[in-house]
Amino acid sequence: MPSEEGNVSSQSSSGDTKRKVSIITEPVVERLGHDNLGFEQNKRKISQQSHHSEEGPARRKSNLHNNNFDTSSIHSDRYNGEAGGRAKKQSFSEALEKIERDYDNSRLEQSWIYSLCMRCRVEYTTPSWEPPGWQKVCPYPLCPSYRQFARILSIILIGVLLWITAFVIIGDTAAPGGQLFQLVVLTVAANFGGFLISLTTLPRLIGMLMVGILFQNVGWVNLDGEFQIVTAELRKLALVIILIRAGLEMDPTAFKKIYKTILKLGLIPWFVECSLIAVCARFFLQLPWMWSILLGSIVGAVSPAVVVPCLFRLRTKGYGVVKGIPTLIIAVAGIDDAVSVAGFGIISSIMFSTQSLGLQIAQAPVCIIGGLGFGVVWGFLCKYVPEPGDAYVVPIRTLMLFGGGLLAVFGSEEIHFEGAGPLGVVFAAFTASYFWCGQGWELEDNPVSTAFEIFWMIFEPILFGITGASIKIAELDPHIVSIGVGSIYAVAVIRILTTVAIAFGDKLNVKEKIFVAISWMSKATVQAALGPVALKTVMSNENRTEEEVHYAELVKMVCILSIILTAPLGAILISVTGTKLLKKTKQQLEPLDGWRRSHRPSLHDISIIDEEEEREDIEGIADEDTAANTLSNAQTATAFTITK
């Protein structure tokens, strides 16, 4: 009869000595830390003496786990203590434990379904609560945690309430089959598609884009007609969020240290790619020069949405940290995007302006000076409004920055100086972040950045779902597509070679230069936000011509092609080549906690570490320390033995 603790006896391999096997029951505790063990599955607590930790609810585990004993000789049936030894009815979780013991628990952990379940789990940075009996209904890890379930349920309930409200106010457009309802369904499906793609370690935006393409070409969504006005405004909102995040996540200290390298690697390769794309568009696609330069300014932008998750995984494993490569790549990507958006705004202002030639020539300097001036003034205003000690300082600063960004983008468009708006948004966010850090906030724990990360989680599936839904495969010209594919890949290779050639004097070896160049080939966010803008501008002009519509459609098509062709390939190349081209540190770096509440990687997860301090030969130092520690431990052990 087993004791209350669940101790049973079994014969050891010697045949005579009985070995007591303790099956320890641990209470369900609040989870604090990681709940995503998809890449580190060997964290289950095997015994009380083990130093391994188990995130998630604890379960009964035999300390024969993973040993070579014959578990079939251990009678693990539980009894209720009644006369006759009638078996107690088992719950689902107890039955699952019995299956794990009978078929060797290590097999379950190595199975594909276990790995898939662990990949689907998120990371917790705060204590977690769950209702009593939740593990019996939804055992760990085959079912989601209560936090995940409650989050999904709350989003569904909020969505249903908003849809009912919209239906009451708007009417048929929000009804099933209406365009607003289709947009909501597309957004939800795009978010789910992004989640599925993220399980393969590729960026979420690829899945969102594919869902949009599928919905459009199967006939499940129709966003044409008057509803294009709504989608155009949604793109502008997404652009404002992208630009504010770029400004908030630029580190002034890191920029000051390596600003020459950042400017050199950010501006020269961008200029080369922009020029080459313009030349290809002019001679192969027969676009006018202004339209060609406009296309080049869009395609030249690098996408942090692709680069950051891949660099995040490499950084947590210690790759590239020694020379601060993640910080360099992210800083250059931010400058690259800012230049692309500003250049696009200035060129579009000149192209679509109805003013005199003199005013068109003055567009460029006015947009640059006006954008910089607005950004500095608005950022300085956000330093004092609201008062730093206000209890509502975080939401008010968030709304101040967001409102200023909307004013800059929509206001500059209204006065026909579109190039000033995006530049003003970036510098307003950068200036405000600089002053906030001086008042005590840390760059990595900026709560306003967290707020805009949440905004981006909402607008990301909208942006890429709409972008994918604008692709009609039946209407694509194979000749145009083949020219676009060849031009994009050829220019990407030339940009990589250019980056490697000019990266001299930056303390990078050849392998690191190649990796840095490869990481800047991915396109996504800026192309999705700006690609259809020219078409929308042309369509809103009553005096438009068929040629202008054709040019705008070509620009949109090439931008979408650049996303499809470079985003997946860039993510794969970063993940594959990073472990081979970058130097790995001895100590792996863990993701930092703080105000960030999302489990998705942010720019701050990469750029906030002081990588300048780690630019020594860590391996050599580590070898010397290891030898010294080994000698010290040996001497201590000898002295202890003699004393004993």
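**Overview and packing**

Analyst: The protein has 25 helices and 4 strands. Both are DSSP runs numbered from the N terminus: helices are H or I with at least four residues, strands E with at least two. This is a predicted model, where local features need pLDDT of at least 70, side-chain atom pairs count only at pLDDT 80 or more, and totals for chains, interfaces and linings use all residues. Residues are numbered from 1 along each chain as its sequence is written, and side-chain values use heavy atoms, leaving out hydrogens and water.

User: What percentage of the residues count as buried?

Analyst: Of the 644 residues, 48% do. Buried means under 20% relative accessible area (1.4 Å probe, protein chains only).

User: And what share of contacts joins residues at least 24 apart?

Analyst: It is 76%, among contacts between residues at least 6 apart in sequence. Contact means heavy atoms within 4.5 Å.

User: OK, helices. At what angle do α8 and α18 pack?

Analyst: About 140 degrees, with the axes 9 Å apart. Helix α8 covers residues 228–248 and helix α18 covers 447–469. Axes are lines fitted to C-alpha atoms over the stretch in contact, and angles run from 0 to 180 degrees between N-to-C directions.

User: What does that make α8 relative to α18?

Analyst: That angle makes α8 oblique to α18. Under 35 degrees would be roughly parallel, over 145 roughly antiparallel, 65 to 115 roughly perpendicular; the rest is oblique.

User: Which residue classes make the contact of α8 with α18?

Analyst: There are 15 nonpolar, 3 polar and 3 charged residues. Nonpolar is Ala, Val, Leu, Ile, Met, Phe, Trp, Tyr, Cys and Pro; charged is Asp, Glu, Lys and Arg; the others, Gly among them, are polar.

User: Zoom in on Ile244. Is Ile244 buried or exposed?

Analyst: Buried, with a relative accessible area of 1%. Ile244 lies in helix α8. Beyond four places in sequence, Ile244 touches Leu401, Phe402, Val425, Ala429 and Phe452. The C-alpha atoms of Ile244 and Val425 are separated by 6.2 Å, yet the two are 181 residues apart along the chain.

User: New topic. Why is α11 largely enclosed?

Analyst: Because 8 of its 11 residues (289–299) are buried. Among them are Trp291, Leu294, Leu295 and Ile298.

User: What about Ser303, where is that?

Analyst: In the loop between α11 and α12 (304–316). Ser303 is buried too, with a relative accessible area of 0%. Leaving aside neighbours within four places, Ser303 contacts Ser522, Lys523, Ala524 and Thr525.

How values were computed: Buried < 20%, exposed > 50% of the residue type's maximum accessible area, 1.4 Å probe, protein only.
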